[in-house]
Amino acid sequence: MRVALFITCVNDALFPDAGRAVVGLLERLGVAVDFPPGQTCCGQMQYNTGYRHQAEPLAVRFASVFAGYDAVVTPSGSCAAMVREVYPRIGERAAAEGRGDALAEQAARVVPKVYELSEFLVDVLGVEDVGAYFPHTVAYHPTCHSLRLLRVGDRPTRLLRAVKGLDLVELPGAEECCGFGGTFSVKNPAVSAAMGSDKVRAAVDSGAEVLCAADNSCLMHIGGTISRQGSGVRVMHLAEILARTEGSAS
Amino acid sequence: MSGTYRGAPAFPKAAEASTRDRQLRGNLRHATHTIRAKRARAVAELGDWAQLRAAGAAIKDHTLRHLDHYLEQLEAAVTAAGGQVHWAVDADEANRIVAELVKATGETEVVKVKSMATQEIGLNEALAEQGIRAYETDLAELIVQLGDDRPSHILVPAIHRNRSEIRDIFRSTMGKWGRPAPDDLTDSPAELAEAARLHLREKFLGAKVAVSGANFMVAETGTLVVVESEGNGRMCLTLPETLISVVGIEKVVPTWQDLEVFLQLLPRSSTAERMNPYTSTWTGTTDGDGPQTFHLILLDNGRTDTLADTVGRQALRCIRCSACLNVCPVYERAGGHAYGSPYPGPIGAILTPQLRGTASEVDASLPYASTLCGACYEVCPVAIDIPEVLVHLRERVAEGGPATRHGTKVTIKPARGHAAERAAMRAARWAFEHPRALRAGERLASGTRSVHPARLRLPGPARAWSDTRDLPSAPPEPFRDWWQRTRGARGGDGGRATQ
Amino acid sequence: MSSAGSRDIVLGRIRRALADVPRTERPQDVPVERTYLRTHGERSERQTADLLAENLADYRAVVHRCPSGELPVRVASLLAARGSATVVVAPGVPQEWLSEAAGVARIPDSAGQTAHELDSVDSVVTGCAVAIAETGTIVLDASPDQGRRRITLVPDHHICVVRLADQVVDSVPQALERLDPARPLTWISGPSATSDIELDRVEGVHGPRTLEVVLVEG
């Protein structure tokens with residue numbers, strides 16, 4: 001099975017540790033992962049802001065770069081959702097606007113092969129205990145697109161529960177959006193900040209040392225709020241927790 | 001829509017003020033969280049909720065595909081049952097028809113059942129200009145009317161008011177409109193309801209003309225349906241001599257049987273009840289029982305323009321339950337007034353820019369008043385994919401494109417004020433199509449990280465981020481460099497990478 | 001009163017808006033799939049009656065059950081307990097229902113009655129068209145034993161008699177099958193209520209604040 005990592009533009013440029021963690025984790029589980037260098041961005045920011053025509057070439061690029069793989073793993077729920085939910089729609093519209101069926105066909109081929117990390121681990125590899133060790137109290141924030149578009153369900157928390165030493169605590173109001181929302185965070189800064197503050201308060205109230213999610217864009221917003229407010233909670237990507245072992249420093 | 005909302009500020013600006021209102025935030029949080037859990041329980045009682053929801057969406061879609069047919073059928077059935085049917089292209093025409101009908105009765109006062117359609121067209125203000133006083137009889141509408149306020153929620157227009165604010169409004173203004181509130185009125189909801197009962201009773205018992213909307217109109221039978229709780233609807237629909245119903249054309253359903261779906265979906269979604277206390281249905285007029293004169297005004301006012309948009313038309317499925325408002329995290333913080341329309345919340349953000357167009361500042365900002373978290377779509381009883389329509393309308397604002405306004409096909413120009421964003425999106429797309437350039441940019445950021453201040457206060461639009469949040473520090477190297485350095489030797493061709 | 005042109009304008013706009021719908025398609029060509037349930041769960045007659053009572057009570061209706069022979073005594077005692085001196089009665093209500101309520105003046109439901117007159121009546125006694133167990137709803141259809149809509153609206157105390165033997169259905173779909181859309185219907189689920197203050201339910205606004213439902217067995 002040829003497995004490719006789709007790192008996402010945000011992780012590539014700002015959070016490479018999450019990508020290194022995914023690679024380390026998958027290699028530890030015996031999966032040889034590949035990183036096609038032609039990959040860039042899924043186009044979600046463009047599409048969700050109203051620039052479908054700017055997103056379309058990025059969808060074409062994605063479909064072409066990852067065409068040769070059996071599985072594409074990405075440490076981002078919302079980028080996985082962009083590909084799975086939106087690419088077919090962009091393909092349809094492209095065809096309707098006279099740019100041919102090629103994208104729709106390519107999208108149909110690549111869509112079923114795209115997995116968010118927790119889906120790949122649980123559904124494809126069939127593992128829940130990935131052999132991780134993380135002796136900390138953790139609260140999990142199910143990001144909106146993982147929860148409501150991908151419907152990853154309890155896969156991430158099953159993975160976290162199996163981590164040795166990890167104490168998973170409940171996050172109050174977990175299913176509420178953190179307020180990031182891509183360009184929403186700068187177009188509607190007041191509401192975005194209010195939602196972010198409420199999420200941070202929930203994380204503090206949970207008593208967790210670490211707030212974990214499977215999407216670094218949301219964590220950038222939550223973490224940036226925590227950092228500004230000086231709240232004593234750390235944010236970590238799911239992959240970074242699952243990559244930790246008894247040998248590695250915490 | 002109504003002139004009340006003309007010149008409303010853009011959503012972000014209005015929300016900036018409303019999110020700072022601690023009282024408002026507290027009231028909304030309390031009310032929406034109360035109803036959320038109840039709705040979930042009411043829905044969970046029905047094992048076939050998903051099937052009911054699918055049928056609800058399918059019936060509405062079916063009706064919309066043949067809307068002309070069903071409206072003609074409805075018109076014939078209402079007329080045969082003794083009603084008179086009028087058609088209104090826009091708000092002004094609907095208001096003019098209502099005013100003329102009221103004047104023809106010789107009356108100068110009407111009692112009103114809560115109705116979104118009449119809020120939308122600004123009927124009360126239009127009637128006032130004609131010397132006709134409209135009394136709102138729904139408790140929340142009464143609170144809004146007495147408080148000289150605007151509605152902020154579809155189901156509970158005074159949701160932004162808590163019990164003690166309501167008591168203050170009743171005490172200070174009820175006397176100006178009729179029977180005053182008792183001097184010793186407290187803020188217990190039961191006492192407040194009692195004060196409203198006494199205040200409105202004299203209006204109901206003497207009313208000669210009533211104005212209502214309708215939740216559903218059945219094409220095959222000509223039946224109208226009003227779903228309510230307090231009994232003010234029954235009072236208005238039963239006691240007066242003349243009834244005038246103003247109803248959006250999308251409220252028609254084909255058959256009597258179709259009500260079996262909506263009378264299960266609506267109460268559980270809106271008030272989280274198995275069934276609301278009162279539902280009234282009437283077909284034309286009935287000899288010796290209820291109003292002997294019945295007028296139905298079928299309202300377009302932007303609905304046919306919405307219908308012309310194959311993505312946006314699903315908004316016309318809406319049954320005004322307000323479940324989407326109650327779960328929306330943006331609505332909860334910003335409040336309903338920030339939406340500058342009688343339709344607030346997620347449904348308002350897709351309905352208003354379609355009914356009114358996207359030309360004004362507030363209407364162009366509404367499609368962006370969402371994080372696209374999807375909670376609204378999940379609870380919608382007729383499965384309106386609100387995030388999908390939001391993004392579709394964002395495209396209309398940002399890129400422009402074809403649309404229908406006042407029945408005519410037009411090409412919308414990209415909105416002013418999005419020029420810099422458009423340029424940035426193009427630049428980003430260019431970089432993402434050229435991975436080498438992208439990599440160079442990433443390296444530049446990493447290479448200069450020692451000079452990035454830890455707590456950057458950025459100028460221009462980026463200040464919106466940095467006012468409340470720190471930026472992550474640039475990493476020592478982007479991921480793709482780490483990969484190249486540690487694993488690059490072993491390939492990573494990706495098949496057909498295009499560098 | 002609308003200009004004759006408005007009807008044509010609106011219908012014309014609709015037809016242009018539906019340019020994507022094939023011209024030859026007829027409404028019956030796109031049937032709606034109805035995979036939802038006709039009733040929620042299997043219940044015996046007894047269980048259906050219990051569910052009706054439970055759901056009515058859940059929304060603060062006062063529920064009584066009695067054998068048909070005891071109905072007159074029960075109605076009389078409810079009126080007496082309320083202290084009602086006057087009761088409005090629809091023409092088709094069986095004489096015997098009120099045969100034990102000797103001291104209560106009967107006001108007939110009549111066309112000339114004003115709302116103000118009704119407002120001074122203490123109670124109303126009616127039958128019903130159908131009752132729905134799953135939702136705790138009684139439906140009135142203005143038949144002779146239920147009267148004009150206003151008599152069950154203006155008085156503050158409503159006693160509604162439901163015959164368990166033939167008037168109770170399980171579900172909303174079953175109720176609609178039995179009802180005649182040409183008649184004015186009033187669906188009642190508990191006394192009047194409002195959720196308008198902080199989205200919390202409070203009983204007792206404009207409709208009868210006390211709803212008593214007598215479920216008659218046999």
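This is a predicted model: local features need pLDDT of at least 70, side-chain atom pairs count only at pLDDT 80 or more; totals for chains, interfaces and linings use all residues.
Residues are numbered from 1 along each chain as its sequence is written, and chains are lettered from A in the order in which they are written.

Chain A has 13 helices and eight strands; helices (H or I, at least four residues) and strands (E, at least two) are DSSP runs numbered from the N terminus. Its radius of gyration is 18 Å, close to the 18 Å that the globule rule gives for 250 residues, so chain A is as compact as a globular protein of that length. The radius is taken over C-alpha atoms, and the rule is 2.2 Å times the number of residues to the power 0.38.

Chains A and B meet through 59 residues from chain A and 54 residues from chain B, where contact requires C-beta atoms, placed from the backbone, within 7 Å. Helix 4 of chain A gives the largest share of the side that touches chain B, eight residues.

Chain C has six helices and twelve strands. The radius of gyration of chain C is 22 Å, well over the 17 Å that the globule rule gives for 218 residues, so chain C is more spread out than a compact globule. Along its principal axes, the C-alpha trace of chain C spans about 70 × 50 × 40 Å. Among contacts in chain C between residues at least 6 apart in sequence, 72% join residues at least 24 apart.

Key. Two residues are in contact if their C-beta atoms, placed from the backbone, lie within 7 Å.
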